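Here is a short note for a colleague who has not seen this structure before. The points can be read in order, with the structure open alongside.

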Protein chains: 2
Amino acid sequence: MTQRLLVIGGDAGGMAAAAVARRRKPDLEIVALEKGRWTSYSACGIPYVVGGDVRSLDQLVARSPQEFRDKLMIDVRTGHEAVALDLDARRAEVRTNDRTYRLGFDLLHLATGGKPRRPPIPGIDGKHVHGVQTLDDAQVLLDEVGSRQIQNVVVVGGGYIGLELAEAFIKRGSKVTVIERGPEVMGRTLDPDMGAVVCTAMRRQGITVYTDEKVVGIESDSVTTEQRTVPADVVLLGLGVEPNTDLAAEAGVVTGLARAIVVDRRQKTSAEGVCAAGDCCESRSLITGQTVYVALGTVANKQGRVAGVNLSGGYATFPGVIGTAITRLCSVEIGRTGVTEAEATEAGFEYVVSKIDSTTRAGYFPGAGPIAVKMLVERRTGRVLGAQVAGFEGTAKRIDVLATAITAGMTAEDVVYLDLSYAPPFSPVWDPVQAAARLALGLLQDRG
Amino acid sequence: MTQRLLVIGGDAGGMAAAAVARRRKPDLEIVALEKGRWTSYSACGIPYVVGGDVRSLDQLVARSPQEFRDKLMIDVRTGHEAVALDLDARRAEVRTNDRTYRLGFDLLHLATGGKPRRPPIPGIDGKHVHGVQTLDDAQVLLDEVGSRQIQNVVVVGGGYIGLELAEAFIKRGSKVTVIERGPEVMGRTLDPDMGAVVCTAMRRQGITVYTDEKVVGIESDSVTTEQRTVPADVVLLGLGVEPNTDLAAEAGVVTGLARAIVVDRRQKTSAEGVCAAGDCCESRSLITGQTVYVALGTVANKQGRVAGVNLSGGYATFPGVIGTAITRLCSVEIGRTGVTEAEATEAGFEYVVSKIDSTTRAGYFPGAGPIAVKMLVERRTGRVLGAQVAGFEGTAKRIDVLATAITAGMTAEDVVYLDLSYAPPFSPVWDPVQAAARLALGLLQDRG
């Protein structure tokens, strides 16, 4: 008899699995439930729609429900939300606008994603307070701001999404204030010295940034911190993401760190025949070996792929993450991979820090700009533990070389002698990442 | 007693060694002989001076003779050429404009570089025929062309330097013809399908390209092939580089492949207390294990560094090369690393070829352009053997990820699951290099 795979969640973690399972097993029946209107979209693109770089939310869609139906024979049902699961009886309870129905399954894949963190601040559930995680969230925001000029925008939290949205609203002509509880923006992403580069660039662009400041209340036209009250017609939450796992947890699927679903290397959950992928589940750090929660589209796609292979009778494993991320904020490109100083210290590593200033192209070549590379290297072994880059055009993607080197367990010396590419329009003869490694070698040799 | 290190050759391979040796051993006496006028310069920048992107040759100098003297206490002597070596007596014969003298040494470092290949074509030694390898060569060319409009330029050979110079002269308003003996330009660098992309771009820019055509004679105002005669006021040689090793060979230092100096992993030559680095010596391919001759500034710098450590009593080894190179030609960025199809076949590898078309940024993001990635993957092991990229802005430096992966011995599957960076201004959610690896996985699984 034909088996049915039920996929819950229509973005990357879900549809990557569905697509791979379909290709590998043409006779599998696949039903995918998505409570919103869209499938397989680039949530990372939302700030660029808000800021006007990209024309509409539709452009962010990689593959529409209709394409999944027509090309991959996947029964995608948008506007259908799974509200309960009975894993023993192998069925889900599904709710739409106007009815509730039961749907049986043999195999289950959970890709319920994440949602913006909303700490218990008075007023945080106000109508003008937006967490932007899905295209549906984005649509709500655009419906509110699309037609009118927003005077004052406050962003609560100085992480990626918050700062990208801050820049988007500056482009729209709003007055924008970022309020960050920590000493520096991007505090969970970058070390303070690298985060300061971003902060300076944001301020130069006209964004007001308050650090070391805690929001204590949100009113209909303002945000109040311990220090001041800032006018706010729209409030954006940039406090990170937490997993959407009520459905799974209530059905008895084991969750762990931050309430994310616990999975093994094959993306299998604690329940037989049930996989999970994406922002709803845990990952493993390849550097510390510890469980981590990472909500990124790249990870969701890879985990989805692994789940899809395993759900269709194959064998694939997801090795883990090392914490790579990049963005561009107010013309500054930044990137990170591996551990920051804070993370390295917490994990018990002893390390040296190498930091260099170089240029993105040969120094004499038109368009060359500054790039700073910071590298953490384990003291005894010389192994690269982490790196951060900040600089001009051509900076961000350089982090990939170090992500690859770290994954391979390379030492700073290995990096120095990598056969990396060079031509004047692209690089100095020692690529900046190698210059940082070379300096690290010197620091290691100075050890007692 | 103070030891004297004599360095012969003032560019990367020589001065990198001198600088490292100085830092490690402050009491070493270091004399560096350079027959030309310049030290430590970017020869790769010459086409950009010719084309007007960079103002003058002086800008290409990373460190002048005076800086070496003042800051590093290195006795740099420009215009001094070593014309003979007596390794037993430990002395060199040195010639300047107006005299010849003997100079003793304890340690010797050979960095005599390379010179443009000049096959025995009638007329190839004409005054208007230029091989451009050193800044002095470039000065001769600029002296000839600087003041006047050159009508017709012929480039013999379709390698990097030849094509870069072809583009430079198109920018200067000349009519430029490239004559290549092989079926495609960049034939030693790229597979024909990738080389064709470059050829198309060159032609679109107005450069005439003749392939499968052999030059049989060079006259004072034309170049003659087996098919035709092309007018030529200036002829440029783009036939590659060969090592400058007469001095070393006559002194009894063993040379090998293509007459390059044979060195061990520490850059030591066959002669006691004598190292070599850069375009005058061999390298080892990390992929095939075979000896190769690679004339690149990046390699020269690394080998020089290794020689400098070893000449100053330390221990360093140069692991080898994998053949990474990039350039930009008529707006097309290209890169390669590892082996091409021809090289893989010659080395006896059985492989699958994965080739994908993607975009440099998220497809919907302004400025996204096409990028093609071709990947060679060993059939049984899944190991990545080589890769080539061609495309829009943001293409070339992506080759570094694969250079790192190949060096680490990664498989296509390893590359698929690398934690590479993603943000819409920089990449699709699956970076193009990972998309190519993913396709390769599919091809491997289809194997019989």
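1. B:Arg90 sits in the loop that joins strand S4 (81-86) to strand S5 (91-95) of chain B. Please keep in mind throughout that this is a predicted model. The phi of B:Arg90 is positive, about 55 degrees, although the residue is not a glycine. B:Arg90 has 17 C-beta neighbours inside 10 Å, so it counts as partly exposed.

2. Is A:Gln267 buried or exposed? A:Gln267 counts as buried because 30 C-beta neighbours lie inside 10 Å, and 20 or more are enough for that class.

3. On the relation of the two chains: chain B is superposed on chain A by a rotation of 180 degrees, with 0.0 Å of shift along the axis and an RMSD of 0.0 Å. This is the relation of a two-fold axis. Within chain B, the C-alpha nearest the axis belongs to B:Val401, at 2.4 Å from it.

4. On the contact between the chains: 49 residues of chain B are in contact with 49 residues of chain A. On the side of chain B that touches chain A, the elements giving two or more residues are helix H8 (297-311), strand S21 (325-329) and helix H10 (399-407) of chain B. Which of them gives the largest share of that side? The largest share is that of H10(B), with 7 residues. By type, the residues of this side of chain B are 31 nonpolar, 12 polar and 6 charged.

5. Why do the copies meet through the same surface? They do so because 100% of the interface residues of chain B are interface residues in chain A as well.

6. Inside chain A, helix H1 (residues 12-24) packs against helix H8 (residues 297-311) at an angle of about 35 degrees, and the two axes are 7 Å apart. The crossing of H1(A) and H8(A) is right-handed. Among the residues that make the contact are A:Ala12, A:Gly13, A:Val20 and A:Arg24 of H1(A), and A:Gly297, A:Asn301, A:Arg305 and A:Leu311 of H8(A). The residues of this contact comprise 11 nonpolar, 7 polar and 2 charged.

Terms used. Residues numbered from 1 in each chain as written. Chains lettered and ligands numbered in written order. Predicted model: local features only at pLDDT ≥ 70, side-chain atom pairs only at ≥ 80, totals over all residues. Axes fitted to C-alpha atoms, helices over the stretch in contact; angles between N-to-C directions. Helix = DSSP H or I, 4+ residues; strand = E, 2+ residues; numbered from the N terminus. Left-handed = near helix turned anticlockwise from the far one by under 90°. Contact = placed C-beta atoms within 7 Å. Nonpolar A, V, L, I, M, F, W, Y, C, P; charged D, E, K, R; others polar. Least-squares fit on C-alpha atoms with pLDDT ≥ 70 in both. Buried ≥ 20, exposed ≤ 12 C-beta atoms within 10 Å, placed from the backbone.
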